Every structure is written in C-alpha cells, then in structure tokens.
Amino acid sequence: MLTCSIHFHQFDLYDHDSTRWITHTVASDDPLYAKLAMFVVALRTIETADRTPAPMVQQIYFGDTGADLLVMFNRAVDQTNFTGATNFSCGLVFNVTVAGVFGDSPLCSWPNTKTIRVVLGKSPLVLPKDFVGLNGNVLKSTPDAVLSMASIWIQVDLPRKPLVPRISVSGALNLGSCDGLALNAKASSGSGGRQMTWQWTIDPPGLLDDMGLSNQSIAIPSDLLAYGGVYTVTLTLTNFFNMNATSDNLVVTKASMPLPSVYIEGPSQVSLLRSQTLQLSSVAMVTTCGDATTNPSMGFLWSLNNVPVVSESRNPRNLKLSKLDRGSYATTVLVFMADTPEVNNTASVLVQINPSPLVAVIVGGNRTIGNVDDLLLNGTTSFDPDNSTTELSYTWKCTDFSTGRTSCNGLDIDNGDVTTIPRDYLPPKTTLLITLTVSDPSTGRQSNAIVSLTVVLGNPPITKILSLATTKFNPDAKIVLAGSVTSVLDTQPAVQWSIDGDSDGSLAASTFGLPVVEVSPAAGTTLATSFHISCTDWVDEDLPLKFSFKYIVGEYSIDGPQVTLSDYSLTTSFDTVFPTGGGPNNTITIVSYIADALGYTTQSITTVQVTLPTYNNDAEQAAFLQNQTSQLENLAASNDPGKVLNMVNILASMMVTPSTAANVTNTPEST
C-alpha cells in the first residue's frame with residue numbers, strides 16, 4: 001500500500017511562486033519492501049490572483065422618453081456592493097460633483113448586470129453631447145477580481161428613437177363677433193420633462209410680435225380681430241433633443257354676428273386602430289354678447305363625413321363610437337342655441353381609423369422537445385383584432401438558432417393553422433427557430449410569431465405556456481400565466497417557474513417621469529375664487545396622456561371620499577371653484593390623476609385653503625346663496641352634466657359642516 005501526503009501553503013490574492021512537495025509512506029507485508037526509504041517529490045507552483053478584465057462602458061444615452069439615462073457595459077458587472085435595495089445612490093458610481101447634473105433626487109438601478117438606469121430627478125442639467133463621469137475603483141467583473149474599472153468621462157448620446165414633440169392645440173377657431181382668440185397647447189407632449197420652445201406665428205403678421213418662446217397659449221382680444229377676417233396660426237415646438245414639429249395650419253375666422261364658441265379637445269388629427277373606441281370631448285360656451293344669452297341652453301349634433309351619428313356617451317358634449325370601419329372621417333360637432341337654432345357654430349377634427357395588426361400565436365411557446373415523436377405545430381389561436389371571422393393564411397418556416405440557415409433537414413413544412421414536422425426531420429442536440437407568418441390576403445396585413453425549440457434525444461416531459469394577448473403590462477398589473485407539463489414516464493412531474501434575465505427576482509418597470517402639478521392661487525374663498533389646476537412636464541412611453549381631477553374636503557386620506565371635477569381627457573388643466581375646506585386649516589386636497597394609453601394611472605396630491613366669505617349681515621349671505629342658485633340654473637340649461645354635477649356637489653357640501661361634507665359628496669365618474 002502506498003500512501004501520499006500533499007502539503008500546500010495557504011493561497012492568497014497576490015501573484016507569487018512557491019515550492020510544494022509530495023511525501024510518500026510505504027506499508028507492506030514484505031519486510032524488504034517495507035524498509036525502503038521514504039522519498040519526496042518536489043514541485044514548483046505559481047499562484048495568480050483573479051485577473052478577470054474590468055468592465056468597460058460602451059455607451060451612455062437617453063431613454064426614449066428623455067426622462068432617464070442608460071449606461072451600457074461590455075460585460076456583466078459584479079453586484080456585491082449593490083445588493084439589498086432596488087435603487088442605489090448615483091454618487092456611488094457617477095461623478096456628481098456638478099450639482100444637479102442628474103436633477104434633484106435621481107434614482108439609479110440595475111435593470112440587468114450590464115446596464116445602469118438613471119431616472120433623472122427634477123430640473124436635470126445633463127444634455128445630449130455632455131460628458132458624464134464614472135468613478136474609478138468601484139466596478140468589477142467578479143467579487144475577487146483585482147482589476148476594477150478606471151474613472152472615465154463619456155459623452156451622452158441621443159435616444160435610440162429621439163422623442164419628437166406631438167402638438168395638440170385647443171380653442172375655438174370659428175369666432176363670433178364679440179369673441180377673442182384663445183388657443184391653448186398645454187396638452188402637447190414630447191418635452192422629455194424639460195422646457196420646450198414655443199414658436200407661434202400668425203398670418204397676417206403683427207398680432208403675435210414680441211411673444212417670446214415660452215408661451216404655451218395665446219390670447220388676442222376681440223377688438224384686434226376684424227369682422228370677416230381670416231387668420232392662419234401655426235405652432236412649432238422644439239424639445240431639448242433639438243427635435244421639432246409644426247402644427248397644421250389653424251384657420252381662424254371672425255364672424256360679424258354673436259355665436260356660441262366650440263372646440264374639440266386634443267389635436268386636429270386623431271389616429272386610432274379599428275379595434276379601439278373613438279372618444280372625443282367638445283367644449284362649448286354661449287356667446288358673451290347679443291340676445292342669444294337670454295337662454296343659455298345649447299344643443300349638440302355630431303356627424304362623420306356630414307352624416308349624423310348617435311353617440312354612445314350619455315353626455316351630449318362627448319362623442320363615443322366603437323367598431324368604426326377603416327378610413328378617414330371628418331368629425332364635426334354642431335352646437336346651437338336651443339331657442340334660436342340658426343345661431344350655431346361648428347368644430348371639426350380629422351379622424352383616421354387604421355387596421356389593427358394581426359396577432360400571430362404559436363401554441364406552447366419556447367420549450368424543449370424530444371426527437372422520438374412527430375412535432376405538432378398549432379397556430380389556431382392567431383386572430384384578427386378587427387374581425388374574428390377573417391380567414392387568415394398560415395406559413396411556417398424552420399431555421400437553425402445558431403446559424404440562421406434553413407433547418408429541419410430542409411423540410412418544406414406544410415402550410416395551415418395546424419401542421420406537423422415528422423420526427424425524422426428533427427435534428428437532435430440543436431435549437432430550432434419555428435416562424436409562423438399569418439396573413440390577411442384582403443388587406444395585405446402580416447404578423448409573425450417565433451418560438452425556439454431545443455431538440456434532445458429521447459422523450460422529455462412536454463411543457464407548454466399559453467400565449468398572452470399582450471406582451472406589455474402596467475407595473476401594477478397582475479399577469480396570469482397558464483402552463484402545462486405532461487410526461488409519458490411520470491404522471492406527476494415536478495414543475496418550477498423561472499423568468500429569464502431576472503436573477504435577483506425583481507422586474508424593472510418604467511413609470512412616469514418628471515411630474516409637476518401646480519394650483520393657483522394657494523388660498524381663496526368659497527365659491528368666489530377660481531382656482532387653476534395645471535399638470536405639466538409629464539412623460540411616458542405610451543402616449544397620449546389623459547388627465548382627471550378630483551378633490552377631498554379636508555386632508556388627504558387613502559379612503560377619503562373624492563369628488564370628481566372632470567373625467568379623463570387630453571386637457572392638462574382645469575378651472576374651478578371649491579366649497580369651504582375642512583379641518584383646522586380649511587383644507588381642500590386636490591387629487592390629479594394622470595393615465596397613459598395603456599390605462600396605467602398615477603396621482604399627485606396638492607392642497608389649497610378655502611374659507612367662507614365674510615358677510616356683514618344675513619341679507620348679504622342670502623344674496624350670495626341666491627346668486628349661486630341662479631348660476632346653477634344657468635348651468636343646468638347649458639347641457640354640461642359635468643359642470644352641473646360639480647356645482648351641485650359644492651352646494652351640497654355647504655349644507656353641512658366641513659367635517660361631514662366629504663361624506664355626502666362622493667360621486668362616481670360619469671361616462
């Protein structure tokens with residue numbers, strides 16, 4: 001028997017060489033062999049530290065919304081110093097000696113081990129082509145690596161898809177004889193959370209001279225506009241990426257007689273998919289002069305391409321239509337005075353209904369398959385969102401994952417919603433890409449779905465995950481995945497779910513960027529002070545954004561009843577009066593809701609103080625309440641349910657003490 005004993009010095013992290021030895025002990029029943037002298041084998045070893053190359057910055061660029069920066073590295077970065085929290089201090093990695101370079105309170109995180117995301121704070125200074133510094137001796141590739149990234153300054157690039165402004169101008173274009181011109185472009189988007197330049201022009205020129213480049217709205221008094229005059233207004237917006245857009249020509253006419261004013265909220269051109277519902281809101285006001293104001297009741301008629309339509313909305317000021325055919329629609333609202341229908345006005349927008357993309361689905365998803373059975377391919381759950389009866393055509397293709405070349409031994413797969421690849425055409429130990437193309441011959445639309453299938457020897461369990469109707473979800477959405485596992489060898493196979501690329505168990509989610517909600521003035525009196533609520537600089541990937549406003553009598557609480565001021569619309573601001581505030585400070589809490597195109601909603605809280613007016617005697621108080629009653633009667637005749645409901649809620653809240661007012665004013669949103 002031969003016994004070996006090996007002796008090593010302790011390893012450390014420093015490069016050096018050293019001598020090692022191996023000793024032998026001999027034991028044998030043969031006395032002669034047992035008397036052999038021990039011998040030692042000497043060897044020389046070289047110990048080296050972990051010299052994994054340090055990560056290097058490849059690029060830093062703005063995200064598509066302009067509200068964040070993305071820093072890309074050439075290799076995975078060790079996360080040892082960043083565990084335990086979703087976000088980390090940006091100053092740990094970045095040189096933030098320049099105050100405000102990333103704005104106030106920026107957030108830094110690792111969406112994956114090769115990317116840092118910087119969500120910019122309020123009022124950031126960084127611009128495209130600026131240089132951003134990263135600190136040295138912080139980032140390594142492995143925990144024990146002796147090499148770390150040196151400090152570096154790198155230029156910030158534009159987004160992969162630079163943000164372009166989207167212009168939305170609201171305001172009446174057909175003016176009555178006593179109307180001035182008031183246009184508001186605050187609902188425009190594409191600022192990236194920064195100040196844009198606003199260049200207004202008018203033809204004939206002269207009326208907008210010396211306006212500057214920061215006015216989001218314009219107002220021209222009536223006496224400066226000639227009767228029968230025609231004016232052309234344009235707006236050009238430029239964001240901090242130096243991307244710009246110019247509105248369509250807004251043709252303004254000035255009539256020689258009093259008219260009600262009306263406009264449709266939002267841009268002058270609206271584009272929708274056929275599977276979406278058209279929703280438009282009009283804003284109308286009675287004329288401020290002439291005999292038409294004796295009865296403020298107004299009527300509304302909507303039409304598409306001069307054909308009257310019946311809206312699905314209960315509010316006559318709103319148009320709601322679903323399942324419109326593809327095409328262009330000149331959408332017009334006619335507003336008229338109820339007692340004198342000949343006194344009327346119109347506003348129009350162009351609506352473009354486009355076909356929805358087809359949805360291609362391969363049942364089963366990415367999975368591992370065996371080569372002992374034929375492969376069934378199933379595309380029957382593919383569909384046309386516009387029409388469930390559309391006859392789709394199906395084309396299949398098989399390629400090699402690694403090379404991109406035709407695979408499946410060159411098989412020409414039979415077309416159809418269900419088809420089969422014989423087992424003899426499934427090369428083992430390869431990964432196949434199966435592509436399904438669904439087409440609608442009548443419209444020329446096409447859509448693809450691709451799954452990867454890893455082919456192994458034998459007959460592994462068959463795994464399937466049902467496809468999702470959409471691949472993009474709101475951060476607070478509940479995602480339900482349905483899967484199945486079957487095996488010919490095990491009636492109850494073990495099942496475990498995992499998410500590729502989510503090593504730390506948390507999924508990165510993009511939300512809103514740099515919100516600002518302003519209310520002015522900060523204090524006022526009951527039913528007398530008009531408060532202006534304005535939402536500016538909200539950014540998101542999924543446009544357009546819509547805004548809704550509510551309030552609470554008293555301080556904010558999560559279960560406090562909220563009174564609706566306005567339903568969701570493209571309008572970023574709202575003017576209103578309030579009832580007396582609640583609590584010791586007469587507080588009214590304004591809750592602003594902002595929703596993106598996917599329906600994800602966030603809210604912002606602002607407070608104002610509203611106190612009762614001071615009356616010298618009971619007669620003054622009675623006169624005040626009588627005046628409010630008269631205003632309510634006028635609103636009731638105006639066919640604006642939203643404003644009527646708002647005034648009723650406010651008056652109702654004044655019938656009880658402020659501490660209980662909120663309990664009687666909780667109202668659902670109208671549709």
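Trainee: How do the residues lining the largest cavity divide into nonpolar, polar and charged?
Mentor: There are four nonpolar, five polar and one charged. Here Ala, Val, Leu, Ile, Met, Phe, Trp, Tyr, Cys and Pro count as nonpolar, Asp, Glu, Lys and Arg as charged, and the others, Gly among them, as polar. Keep in mind that this is a predicted model, where local features need pLDDT of at least 70, side-chain atom pairs count only at pLDDT 80 or more, and totals for chains, interfaces and linings use all residues. Residues are numbered from 1 along each chain as its sequence is written, and side-chain values use heavy atoms, with hydrogens and water left out.

Trainee: OK, which residues line that largest cavity?
Mentor: The lining is T65, L163, S189, G190, S191, G192, W538, V539, D540 and L543. A cavity is a set of points on a 1 Å grid over the protein atoms alone where a 1.4 Å probe fits but cannot get out, a pocket is an open set with protein on both sides within 12 Å along at least five of seven lines, and lining residues have an atom within 4 Å of a point.

Trainee: How much space lies in it?
Mentor: About 60 Å³.

Trainee: What about the second largest pocket, what's its volume?
Mentor: About 370 Å³. It has 22 lining residues, and L173, L250, S268, S348 and V349 are the closest to its centre.

Trainee: Which strand gives the largest share of that lining?
Mentor: Strand 25, with five residues. Strands 17 (250-254), 18 (261-264) and 25 (344-354) each supply at least two. Strands here are DSSP runs (E, at least two residues), numbered from the N terminus.

Trainee: Switching topic: is T419 buried or exposed?
Mentor: Buried, because its relative accessibility is 5% and the cut-off for buried is under 20% (1.4 Å probe, protein chains only). You'll find T419 in strand 29, residues 418-421.

Trainee: And what does its side chain reach at 2.9 Å?
Mentor: The side chain of T419 reaches the backbone oxygen of D414. Leaving aside neighbours within four places in sequence, T419 is in contact (heavy atoms within 4.5 Å) with L375, L376, L377, W396, I413 and D414.

Trainee: Last one, what pLDDT does the chain average?
Mentor: The average is 82, and 83% of the residues score at least 70; pLDDT is the predictor's confidence in each residue, from 0 to 100. Over residues 501-514 the pLDDT is below 50, and that stretch has 31 contacts beyond near neighbours in sequence.

Note on methods: Points joined across faces, edges and corners; volume = space filled by probe spheres on them. Helix = DSSP H or I, 4+ residues; strand = E, 2+ residues; numbered from the N terminus. Buried < 20%, exposed > 50% of the residue type's maximum accessible area, 1.4 Å probe, protein only. Polar contact = N/O pair within 3.5 Å; in protein donor to acceptor, adjacent residues only side chain to side chain.
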